[in-house]
Every structure is written in structure tokens, then in C-alpha cells.
Amino acid sequence: MTERFKNKVAFVSGGARGLGASHARRFVKEGGRVVIGDILVDEGRALAQELGAENALFVTLDVTDEASWVAAREAAEKAFGPVSILVNNAGIQKLGTTLDSSLEDFDVVVKVNLHGTFLGTKVIGQSLIKAGGGSIINVSSIAGMIGLPNTVGYVAAKWAVRGITKASALELAPHHIRVNSIHPGRIVTDLTAGLNSPIRPNQVIKEPGRPEDISNLVAFLASEESRFSTGVEFIVDGGRYVGESDPVK
Ligand SMILES: NC(=O)c1ccc[n+]([C@@H]2O[C@H](COP(=O)([O-])OP(=O)(O)OC[C@H]3O[C@@H](n4cnc5c(N)ncnc54)[C@H](O)[C@@H]3O)[C@@H](O)[C@H]2O)c1
């Protein structure tokens with residue numbers, strides 16, 4: 001592994017478990033320091049302890065609450081100095097169609113996935129400006145590239161994450177901040193554990209994705225290796241989005 005995140009501070013929302021925990025481990029493995037923000041206090045603290053106090057800090061964060069973000073930014077800067085990498089990763093999913101979802105279910109999914117990304121960019125963005133620039137990675141989904149039935153709030157929120165990405169990429173460019181969105185296919189985590197097969201019928205690469213597959217992309221986008229990319233979508237889905245698997249007959 002390289003030292004490509006030496007002297008860099010990364011912030012991962014929803015970093016206590018799943019894909020976010022994988023990204024947090026990756027930043028530290030490559031020489032960086034990481035702030036893990038999550039509502040899951042025990043899991044978050046355990047991960048920070050595993051990574052070592054000199055490398056990782058856990059902060060309690062509810063991404064839907066602006067004051068919580070401000071407190072998290074203050075704690076991050078106090079511990080490690082300004083943040084230059086933000087992964088807006090916290091997300092939840094609820095199953096339900098347009099016809100049978102309650103407004104409450106729709107709302108809570110939009111709040112975590114979309115308001116969380118907006119507030120993270122707004123509040124931690126100030127820290128990136130202080131750092132002299134950096135990279136923001138917004139975690140959308142393949143559900144932000146196509147329609148998927150039976151998870152309407154999630155699809156709506158993940159498409160909107162693309163919109164925030166494009167607007168903020170334009171707005172933050174003068175501050176030397178790049179903003180991109182990533183679109184994972186199905187990876188087995190607590191979020192997807194109860195869902196059907198990890199290998200989707202249209203997927204070209206017939207093996208399940210792993211958290212490291214997503215962390216590889218996050219590490220690329222967080223580093224200067226991606227310096228010429230901003231405001232765009234990066235798909236990592238085993239080829240699920242390529243097209244129909246049925247031959248034309
Ligand atoms: N796993 C997949 O197949 C997949 C595919 C595409 C996109 N994604 C996206 O990747 C991200 C991570 O998903 P995951 O699979 O690791 O899920 P996960 O459920 O394992 O992790 C999500 C994390 O977000 C945290 N979180 C939830 N609500 C929060 C809130 N209000 N404030 C702060 N933290 C909160 C959870 O506590 C948890 O630690 C999500 O945005 C998800 O939509 C996942």
C-alpha cells in the first residue's frame with residue numbers, strides 16, 4: 001500500500017460499519033487519518049479503537065441534523081485539523097412502491113440519503129476550504145442511474161444525490177474542491193443482507209462485489225490521481241448497467 005493519504009484527514013459519514021467502515025480502514029491503511037461519523041456509537045467507537053487513536057476519531061453524527069454536523073466538524077478539526085476528503089456515505093433504504101409507501105417512509109429515506117449529503121457538503125465543505133481544497137465523494141447507487149421498482153424513496157434520493165454533486169462541483173471548483181458521485185451495484189452489507197441474490201441477472205461479471213471494490217474507487221477519487229474528474233458519475237457494478245442480458249432474437 002502507498003502513503004497517498006499522508007497528512008490528509010478524511011471524514012466518512014455512516015462509517016461505523018459496511019462500506020463506510022471499509023473506506024475508513026482504507027484511508028488509514030494508506031497513511032491518512034479518518035473521522036468516522038455515525039449514529040451507531042458502539043460500532044463506531046470499536047472501529048476507531050481498532051484503527052488507533054492517532055489515526056481515527058469517532059464522532060456521534062446524525063446526518064439529518066445540521067447542528068450535529070457542526071459539532072462533528074469542530075471535533076474533527078480539534079483532533080486532526082481541517083478535513084480535505086469527505087465521503088457522504090450514510091444511507092438507508094426502505095422497501096415500498098410509489099403506490100404503497102407511506103410519506104413517512106419516503107421522507108426518512110430522503111432525509112438520510114439526500115439531506116445528509118446536502119448538510120455534509122455544506123458544513124464539512126467549510127473545512128475543505130480551510131484545508132485549501134480537496135475531494136468530496138457522494139455515495140449514490142445504481143439506483144441513481146436507472147429505475148428500480150419497490151424502493152421509490154431510495155431511487156428518488158439517489159438520483160437527487162447526482163444533482164447535488166453536479167451543482168456543488170460547479171460551486172466549489174473555485175475552492176479547488178472536486179465533487180463526484182459513485183454508483184455501486186449490489187454489495188453484501190447489513191443494508192442488503194435480507195435482499196435477493198447479490199448477483200443480479202443483468203450483471204456481466206458473475207461474482208458478487210466486495211466492499212474493497214468500492215473502497216478502491218473511493219481511494220482513487222479521494223486522491224490526486226483523479227485530479228481531472230469532477231461532477232461526474234463513477235459506476236462500479238460488475239457490468240450490471242451495460243444492458244440487457246437476453247440476446248436479440
Ligand atoms: N451495499 C450495497 O449494495 C450498496 C449499493 C449501492 C449503494 N450503497 C450505498 O452505500 C452506502 C453505505 O451502505 P452500506 O451497504 O454500507 O449500508 P450499512 O447499513 O451497512 O451502513 C450504513 C451506515 O449509515 C449509518 N447511518 C444511517 N442513518 C444515519 C444517520 N441518520 N446519521 C448517520 N449515520 C447514519 C448506519 O448507522 C450505518 O453505519 C449507503 O449510502 C448506500 O445507499 C450500498
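**Reading the fold**

Mentor: Start with burial: buried residues make up 47% of the 249 residues in the protein. Keep in mind that this is a predicted model.

Trainee: Okay. How many helices and strands are there in the protein?
Mentor: The protein has six helices and seven strands. From the N terminus on, they run β-α-β-α-β-α-β-α-β-α-β-α-β.

Trainee: And how compact is the protein for its length?
Mentor: Its radius of gyration is 17 Å, close to the 18 Å that the globule rule gives for 249 residues, so the protein is as compact as a globular protein of that length. Along its principal axes, the C-alpha trace spans about 60 × 40 × 35 Å.

Trainee: Now the sheet. In what order do the strands sit?
Mentor: The order is 3-2-1-4-5-6-7. The seven strands make an open sheet, and the pairing is parallel.

Trainee: Which strands stand at the edges?
Mentor: Strand 3 (56-60) and strand 7 (233-236) do. Each has a single partner strand, so one side of each is left without a neighbour in the sheet. The twist averages 20 degrees from one strand to the next.

Trainee: What holds paired strands to each other, in general?
Mentor: Strands of a sheet pair through backbone hydrogen bonds, either parallel or antiparallel.

Trainee: Show me one pair. How many bridges link strand 4 and strand 5?
Mentor: Four bridges, in the parallel sense. Strand 4 covers residues 85-88, and strand 5 covers residues 134-139. Look at V87: this residue stands opposite I137 in strand 5.

Trainee: Which strands does helix 2 touch?
Mentor: Helix 2 (residues 41-51) packs on the sheet and touches strand 2 (33-38) and strand 3. Its direction makes about 170 degrees with that of strand 3.

Trainee: And helix 4, what does that one touch?
Mentor: Helix 4 (residues 103-131) also packs on the sheet. It touches strand 1 (9-13), strand 4, strand 5 and strand 6 (177-184). The direction of helix 4 makes about 175 degrees with that of strand 4.

Trainee: Switching to the ligand. Which residues come nearest?
Mentor: G14, G18, G91, T189 and L191, of the 28 residues around the ligand. By class, the shell has 13 nonpolar, 10 polar and five charged residues.

Trainee: Which element gives the largest share of that shell?
Mentor: Helix 1 (residues 18-29), with three residues.

Trainee: Last one. How much of the contact pattern is between residues at least 24 apart?
Mentor: Take contacts between residues at least 6 apart in sequence: 70% of them join residues at least 24 apart.

How values were computed:
Residues numbered from 1 in each chain as written. Predicted model: local features only at pLDDT ≥ 70, side-chain atom pairs only at ≥ 80, totals over all residues. Pairing = 2+ DSSP bridges. Helix = DSSP H or I, 4+ residues; strand = E, 2+ residues; numbered from the N terminus. Axes fitted to C-alpha atoms, helices over the stretch in contact; angles between N-to-C directions. Contact = placed C-beta atoms within 7 Å. Near = placed C-beta within 6 Å. Nonpolar A, V, L, I, M, F, W, Y, C, P; charged D, E, K, R; others polar. Rg over C-alpha atoms; globule rule 2.2 N^0.38 Å. Buried ≥ 20, exposed ≤ 12 C-beta atoms within 10 Å, placed from the backbone.
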